[in-house]
Amino acid sequence: MRELFLKSVELVDSSGAIRRFDYSVLIGEMDVGAYACESYGVKVAEQGGEQASVENITCSASRIDELSELLTRNGVTPATLRDVVLDWL
């Protein structure tokens with residue numbers, strides 16, 4: 001599995017502390033019957049904190065771009081990543 005860094009986003013939490021999150025696309029392979037195709041997932045990691053990832057979300061580069069934009073634009077954190085991906089699907 002490869003990891004393609006997208007961007008870092010700084011967010012201010014409810015206590016006023018600045019938190020920085022790194023967003024990446026995960027690139028791997030997914031078996032589809034008798035063959036394998038390139039698959040994409042996402043990862044969110046707080047610098048110095050927790051991280052979460054969801055692999056094999058889609059085989060479509062344009063769809064993972066849409067999801068990545070949604071995650072970075074809305075400041076999705078590791079704690080909420082899985083729920084956001086499941087709602088998006």
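In which sense do strand S3 and S4 pair, and over how many bridges? Strand S3 (residues 35–46) pairs with S4 in the antiparallel sense, over 5 bridges, where two strands count as paired if DSSP finds at least two bridges between them. Helices (H or I, at least four residues) and strands (E, at least two) are DSSP runs, numbered from the N terminus. This is a predicted model, in which local features need pLDDT of at least 70 and side-chain atom pairs count only at pLDDT 80 or more, while totals for chains, interfaces and linings use all residues. Residues are numbered from 1 along each chain as its sequence is written, and side-chain values use heavy atoms, with hydrogens and water left out.

**Sheet**

- The open sheet has 4 strands in the order S1-S2-S3-S4, with antiparallel pairing, and its edge strands, each pairing on one side only, are S1 and strand S4 (51–58).
- From one strand to the next, the twist averages 20°, with axes taken as lines fitted to C-alpha atoms (for helices over the stretch in contact) and angles running from 0 to 180 degrees between N-to-C directions.
- Strand S1 (residues 2–12) runs antiparallel to S2 and is joined to S2 by 10 bridges; phenylalanine 5 has serine 24 in S2 as its bridge partner.
- S1 and S2 form a hairpin with 5 residues between them, and glycine 16 in the turn has a positive phi of about 90°.
- The bridge partner of alanine 45 in S4 is glutamine 51.

**Helices on the sheet**

- Helix H1 (residues 61–73) lies across S1, S2, S3 and S4, and runs at about 10° to S3.
- Helix H2 (residues 81–88) packs on the sheet, touching S3 and S4 (contact means heavy atoms within 4.5 Å), and its direction makes about 20° with that of S4.

**Two residues of S2**

- Valine 25, in strand S2 (residues 18–32), is buried with a relative accessible area of 5%, because buried means under 20% relative accessible area (1.4 Å probe, protein chains only).
- The C-alpha atoms of valine 25 and valine 42 are separated by 4.6 Å, although these residues are 17 residues apart along the chain.
- Aspartate 22, also placed in strand S2, is buried yet has no salt bridge, a salt bridge being a side-chain nitrogen of Lys or Arg within 4 Å of a carboxyl oxygen of Asp or Glu.
- The side chain of aspartate 22 makes a polar contact with that of serine 8 (2.4 Å), the term meaning a pair of N or O atoms within 3.5 Å, where within protein one must be able to donate a hydrogen and the other to accept it, and residues adjacent in sequence count only if both atoms are side-chain atoms.

Conventions:
Buried < 20%, exposed > 50% of the residue type's maximum accessible area, 1.4 Å probe, protein only. Lys, Arg positive; Asp, Glu negative; His and termini not counted.
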